[in-house]
Amino acid sequence: MMFANNHTNVSITVSDEEPDELGRMRVRARRKRKKLSNRRLLRRLFVRYWTLLVIIPAACLLFFEASRIARYNSSSSNNVDSETLTETTRDNRVVNESKPAVGKGMGVEQHKNLNRLDPTTHVVGGVRERCLKILPPEKLETLDFPEEKESGGPIDEVLYMLSESDASFVGGNTTLSQLRTEDIRFNYFTGNQTFEERDRSFEMKKTVKVHCGFYSVNGGFKISDEDKSYMQACKAVVSTCAFGGGDDLYQPIGMAKASIQKVCYVAFWDEITVKAQELVGCRIGQNGFIGKWRVVVVQDLPFSDQRLNGKIPKMLSHRLFPQAKYSIWVDAKSQFRRDPLGVLEALLWRSNSILAISEHGARSSVYDEAKAVVKKNKAKPEEVEVQLNQYKKDGLPEDKRFNGKKALCEASVIVKKHTPLTNLLMCVWFNEVVRFTSRDQLSFPYVLWRLKAFKNIHMFPVCTRKDLVNSMGHIRKAKPLQG
């Protein structure tokens with residue numbers, strides 16, 4: 001700004017280039033207010049969403065740790081020699097790949113559980129542990145059958161009733177095929193057990209005489225001499241069956257290399273199952289094997305009901321394998337996935353048990369199970385009623401536990417030592433199934449109660465059964481052939 005004094009005029013000059021300090025201050029003030037606004041926004045976002053900033057990284061870390069532990073458990077649980085596992089996998093691949101596309105078209109779920117070796121675990125006292133405490137791989141390789149000791153049980157010998165004359169059974173001219181078409185559960189295979197004989201079969205004496213299948217030479221369930229010779233050489237056996245064209249055959253896995261030479265794997269089929277499996281490309285080799293399984297083809301099945309035919313290898317393994325000391329039964333809908341000697345050690349030898357069977361997962365009382373069987377149409381209501389009325393008449397209590405053990409079983413896996421007591425138990429159990437209904441869960445508690453056979457019975461929990469087998473129950477079965 002300049003002042004000019006010309007005595008009369010005063011001029012004031014303002015230059016456009018002079019800074020407008022007020023303007024600058026306004027600009028700076030506006031910019032400063034803008035920066036403060038951004039900081040407030042960030043502060044508000046942080047206050048509102050800080051929990052997410054903590055939870056998301058924590059969840060990622062937890063997922064990573066869980067995946068790492070799962071991989072570690074899976075790798076450490078494979079109680080099998082790598083060479084043996086490779087061989088077993090190859091057996092499964094050969095069997096599965098031999099089937100055409102229609103055989104593989106069962107859906108992705110076919111392979112969901114197949115060949116899984118990861119352990120089943122549960123939480124005990126806040127600690128997660130394995131359901132089946134099987135020995136580590138190095139000990140399984142050296143595991144062998146224990147030395148035989150005197151049983152010292154209540155029974156020394158079980159004698160099996162045999163037909164002196166087939167003419168004494170429902171008329172001398174009645175053929176087995178005729179019996180199948182009639183509503184008769186007892187036949188030449190079972191013998192005609194009277195109620196008096198039934199009561200005597202439960203008496204605990206040093207020598208017991210009992211019906212136990214194979215009553216007559218004309219009773220059916222014919223096995224070739226070659227297969228009989230193989231079966232008589234088995235000291236321990238894992239067995240299954242599929243009659244009427246039903247279930248596929250799943251190769252056992254998880255066995256130690258050493259036990260393969262000590263344990264037989266036997267699957268019982270009939271001609272219908274052979275033809276059904278051939279249609280999907282699963283054929284018995286010239287040596288009689290499919291993978292690890294020796295397939296025994298049975299001729300002339302005794303019952304028209306395939307469920308009853310299936311009870312023969314399931315309950316009468318001591319008759320089919322007379323030289324065997326131990327047996328493990330596995331339903332055909334499951335894949336056995338553990339070392340058999342390790343299973344015997346964990347479920348029998350370690351606890352000094354003679355029989356191991358799974359507890360029922362849903363119910364405990366035989367009377368509750370009967371209601372469920374009728375509701376699900378698994379047996380005729382009148383048959384169940386007859387059975388329960390007889391059990392009530394005999395005095396079977398409604399207790400859900402016998403001697404501290406759960407009364408009801410789930411019998412898809414049965415592990416047993418062949419002793420006079422277990423042989424008798426299986427015989428009378430089979431007779432109850434034939435006399436009443438094929439639902440063996442209904443008769444097992446009754447048999448235990450009548451025999452007072454609680455001392456050496458190992459009722460293992462459901463999670464142990466899940467560790468023993470991969471369940472394939474959801475997989476579509478091969479369609480049975482007619483005729």
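Trainee: Which residue in β16 does I328 stand opposite?
Mentor: Good place to begin, and keep in mind that this is a predicted model. Strand β11 covers residues 326-330 and strand β16 covers residues 409-417, and the two pair in the antiparallel sense over five bridges. Within β16, the residue opposite I328 is V415.

Trainee: What is the order of the strands in the open sheet?
Mentor: The open sheet is formed by eight strands, and their pairing is mixed. β9 (289-290) and β17 (457-460) each have a single partner strand, so one side of each is left without a neighbour in the sheet.

Trainee: What angle does the direction of helix α15 make with that of β16?
Mentor: Helix α15, residues 440-451, packs on the sheet. There it touches β13 (355-359), β16 and β17. Its direction and that of β16 make an angle of about 50 degrees.

Trainee: Are α12 and α13 roughly parallel or roughly antiparallel?
Mentor: Let's look at their axes: those of helix α12 (residues 366-375) and helix α13 (residues 381-394) come within 10 Å and cross at roughly 170 degrees. Angles over 145 degrees count as roughly antiparallel. That makes the relation of α12 to α13 roughly antiparallel.

Trainee: Which residues of α12 make the contact with α13?
Mentor: On the α13 side, the contact involves P381, V384, L388, Y391 and K392. Facing them from α12 are Y367, A370, V373 and V374.

Trainee: How many residues apart are D467 and R130?
Mentor: The side chains of these two residues meet in a salt bridge, at 3.4 Å from N to O. D467 lies in helix α16 (residues 462-468) and R130 in strand β4 (residues 127-130), so to speak of the pair is to speak of a link between distant parts of the chain. Their separation is 337 residues.

Trainee: Which residue stands opposite R130 in β4?
Mentor: Strand β3, residues 121-124, pairs with β4 in the antiparallel sense over four bridges. Their hairpin has two residues between the strands, and G125 takes a positive phi near 60 degrees there. The residue opposite R130 is T121.

Trainee: What accessible area does the nonpolar patch of L41, L42, L45, Y49, L52 and I56 have together?
Mentor: These residues form their patch on the surface. One of them, I56, lies in helix α1, which covers residues 21-76. Together, the accessible area of the patch is about 580 Å².

Notes. Residues numbered from 1 in each chain as written. Predicted model: local features only at pLDDT ≥ 70, side-chain atom pairs only at ≥ 80, totals over all residues. Heavy atoms only, no water. Patch = residues over 30% accessible without salt bridge, like charges linked within 9 Å, V, L, I, M, F, W, Y side chains within 5 Å. Areas by Shrake-Rupley, 256 points an atom, 1.4 Å probe, with all protein chains shown as cover. Salt bridge = Lys/Arg side-chain N within 4 Å of Asp/Glu carboxyl O. Pairing = 2+ DSSP bridges. Contact = heavy atoms within 4.5 Å. Axes fitted to C-alpha atoms, helices over the stretch in contact; angles between N-to-C directions. Parallel < 35°, antiparallel > 145°, perpendicular 65-115°, else oblique.
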